[in-house]
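Subject: Handing over the structure

Hi,

Here is the structure I promised to pass on. Have a look at it first, and then read my notes below.

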Amino acid sequence: MADPPGGITGTVTDRLVEANERYAAAFTDPGMDARPVLHVAVVACMDARIDLHAALGLALGDCHTIRNAGGVVTDDVIRSLAISQRALGTRRVILIHHTNCGMQTITEDFRHDLEMEVGQRPPWAVEAFRDVDQDVRQSMARVRTSPFLPHRDDVRGFVFDVHSGALREIDPA
Ligand SMILES: [Zn+2]
């Protein structure tokens, strides 16, 4: 797959580094604390179409964002949430999955195929899913039952529609 044109120096990464040079030149230190202003952690899919800050009206410094393939609550997400809550003062968790997620197009066979290809079984589950609502419920349940998290009452889950930009809340049931 060809990279998009990268400007003068060629690669996409070079283009990003150049963008940072301009960013840093205009940067003024906002002097913020590391503790999120809204005491919230957002766990979301890494999908490139979701601009979390714009979609939720968030400003710099407002929240922690924890993203992975699917927005699935894995052990590593629990690790980040434990640090977020215990060391950096967050009190609530918002989970955001979305329509047309890439995780709905693969299955657990992905892991088997990978093992066959590289001769080693990956230590992680793929966490593929068919039903996005059910996967949000599963992720909410994992947060609510984690013994490592002191704040498990204010946990809400949503599906973001990549075509309309709207969130739909999922009942935990
Ligand atoms: Zn996704």
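Before the metal site, one definition: an N, O or S atom counts as a donor if it lies within 2.8 Å of the metal, and water is not among the atoms, so a site may look incomplete. Please also keep in mind that this is a predicted model.

So which residues hold the zinc ion? The donors are SG of Cys45, NE2 of His98 and SG of Cys101, at 2.0 to 2.3 Å. Along the sequence, these donor residues follow the spacing C-x52-H-x2-C.

As for disulfides, the count is zero.

Five strands make up an open sheet with mixed pairing, and their order is 2-1-3-4-5. The edges are taken by strand 2 (63-68) and strand 5 (167-170); each has a single partner strand, so one side of each has no neighbour in the sheet. On average, neighbouring strands here are turned by 25 degrees against each other, ignoring direction.

Going through some of the pairs:

- Strand 1 and strand 3 run parallel and are joined by five bridges. Ala41 sits opposite Val93 of strand 3.
- Strand 3 and strand 4 are parallel too, with six bridges between them. Here the zinc donor His98 stands opposite Phe160 in strand 4.
- Strand 4 (residues 155-160) pairs with strand 5 in the antiparallel sense, over four bridges. Phe158 faces Glu169 of strand 5 across that pairing.

Strand 3 is mostly covered, with five of its seven residues buried. Helix 3 (residues 75-88) lies across strand 1, strand 2 and strand 3, and runs at about 170 degrees to strand 2.

Another residue to look up is Asp133, which is placed in helix 5 (residues 132-144). Why does Asp133 count as buried? Its relative accessible area is 18%, and the cut-off for buried is under 20%. Leaving aside residues up to four places away in sequence, Asp133 touches Val159, Arg168 and Ile170.

Two loop residues have backbone angles to check. His39, although not a glycine, has a positive phi of about 55 degrees. His39 lies in the loop between helix 1 (12-26) and strand 1, and at 35% relative accessibility it counts as partly exposed. Asn100 also has a positive phi, near 55 degrees, and is likewise a residue other than glycine. You'll find Asn100 in the loop between strand 3 and helix 4 (109-118); its relative accessibility is 47%, so it counts as partly exposed.

Cheers

Methods: Residues are numbered from 1 along each chain as its sequence is written. This is a predicted model: local features need pLDDT of at least 70, side-chain atom pairs count only at pLDDT 80 or more; totals for chains, interfaces and linings use all residues. Side-chain values use heavy atoms; hydrogens and water are left out. Donors are N, O and S atoms within 2.8 Å of the metal (3.2 Å for Na, K and Ca); water is not among the atoms, so sites may look incomplete. A disulfide is a pair of cysteine sulfur atoms within 2.5 Å. Two strands pair if DSSP finds at least two bridges between them. Axes are lines fitted to C-alpha atoms, for helices over the stretch in contact, and angles run from 0 to 180 degrees between N-to-C directions. Contact means heavy atoms within 4.5 Å. Buried means under 20% relative accessible area, exposed over 50%, partly exposed in between (1.4 Å probe, protein chains only).
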